[in-house]
Amino acid sequence: MDRLFGSLWPVHLKPHPDELLSSWLIRLAHAHGYQVEGLCRLLLGRGAAMWNRDIDRCASEPLMAAVMTATAATESQFRNTLLSAYDGALIESVGLSGTARWLVPLSILHRKRRRPGLMYCSTCIATDADPYCRKKWRLACITVCSAHGVELKDSCSSCGAAFIPHRVDMGHGGYMPSDKLL
């Protein structure tokens with residue numbers, strides 16, 4: 001796979017409508033049999049830190065260029081995965097950090113989540129042919145799934161851990177991730 005950097009990858013998935021960048025990267029990694037961290041190293045190099053910030057708010061230009069090259073996605077497709085797509089509509093300006101009205105913060109501090117932030121519909125995740133996280137799930141005014149009418153969750157019902165989908169392939173069993181881990 002290392003030799004493929006700079007060219008179109010074998011599985012060049014495009015983002016789903018309303019998909020978050022972080023979700024798209026998870027699907028790309030698992031479709032190629034990589035852990036998310038491994039795919040990020042391929043895209044940006046070993047020393048690049050991605051998950052210590054909200055990448056759905058502040059994706060770098062090098063990440064955009066690398067993902068567009070690997071997937072043949074357009075700049076418009078890439079930018080539509082970012083929360084800044086809401087700029088000027090519901091949110092005046094998402095910005096790269098700080099709080100933004102109507103946007104649920106992830107509360108990331110040194111790669112750790114201080115509290116839950118990303119919401120999800122358990123029915124969507126369970127029934128989608130290709131599960132993914134929607135941008136609208138980051139909006140504070142959206143608390144119920146428009147497709148299923150169920151309340152969105154932000155943590156595990158059993159243990160209370162925050163929903164952190166890019167870490168689903170970590171630990172035992174995550175060595176060779178499948179594309180159905182989410």
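1. Just after helix α2, Gly45 takes a positive phi of about 95°. Helices here are DSSP runs of H or I with at least four residues, numbered from the N terminus. The model is a predicted one, in which local features need pLDDT of at least 70 and side-chain atom pairs count only at pLDDT 80 or more, while totals for chains, interfaces and linings use all residues. Residues are numbered from 1 along each chain as its sequence is written, and side-chain values use heavy atoms, with hydrogens and water left out.

2. Helix α1 spans residues 21-31 and helix α2 residues 36-44; their axes lie 8 Å apart and the packing angle is about 95°. Axes are lines fitted to C-alpha atoms, for helices over the stretch in contact, and angles run from 0 to 180 degrees between N-to-C directions. The two helices are therefore roughly perpendicular to each other, a class that covers 65 to 115 degrees.

3. On the α1 side, the contact (heavy atoms within 4.5 Å) is made by Leu25, Ile26, Leu28, Ala29 and His30, and on the α2 side by Val36, Leu39 and Leu43. By class, seven of these residues are nonpolar, one is polar and none is charged. In this scheme Ala, Val, Leu, Ile, Met, Phe, Trp, Tyr, Cys and Pro count as nonpolar, Asp, Glu, Lys and Arg as charged, and the others, Gly among them, as polar.

4. Helix α2 is mostly covered, with seven of its nine residues buried; buried means under 20% relative accessible area, with a 1.4 Å probe and protein chains only. These buried residues are Val36, Glu37, Gly38, Leu39, Cys40, Leu42 and Leu43. What covers them includes α1 and α3, the latter at residues 61-71.

5. Cys40 counts as buried because its relative accessibility is 6%. Cys58 likewise counts as buried, at 16%. A search of the whole structure finds zero disulfides, a disulfide being a pair of cysteine sulfur atoms within 2.5 Å.

6. The largest nonpolar core has 21 residues, of which Leu21, Leu25, Leu43 and Val67 touch the most other members. Such a core is a set of buried Ala, Val, Leu, Ile, Met, Phe, Trp, Tyr and Cys residues joined through side-chain atoms within 4.5 Å. Helices α1, α2 and α3 are the elements that give two or more residues to this core, and α1 gives the most, with six.

7. Leu25 touches Leu39, Leu43, Met50, Ile55, Leu63 and Val67, not counting residues up to four places away in sequence. A second, separate core of 17 residues includes Tyr86, Val104, Cys124 and Cys133.

Note on methods. Buried < 20%, exposed > 50% of the residue type's maximum accessible area, 1.4 Å probe, protein only. Parallel < 35°, antiparallel > 145°, perpendicular 65-115°, else oblique.
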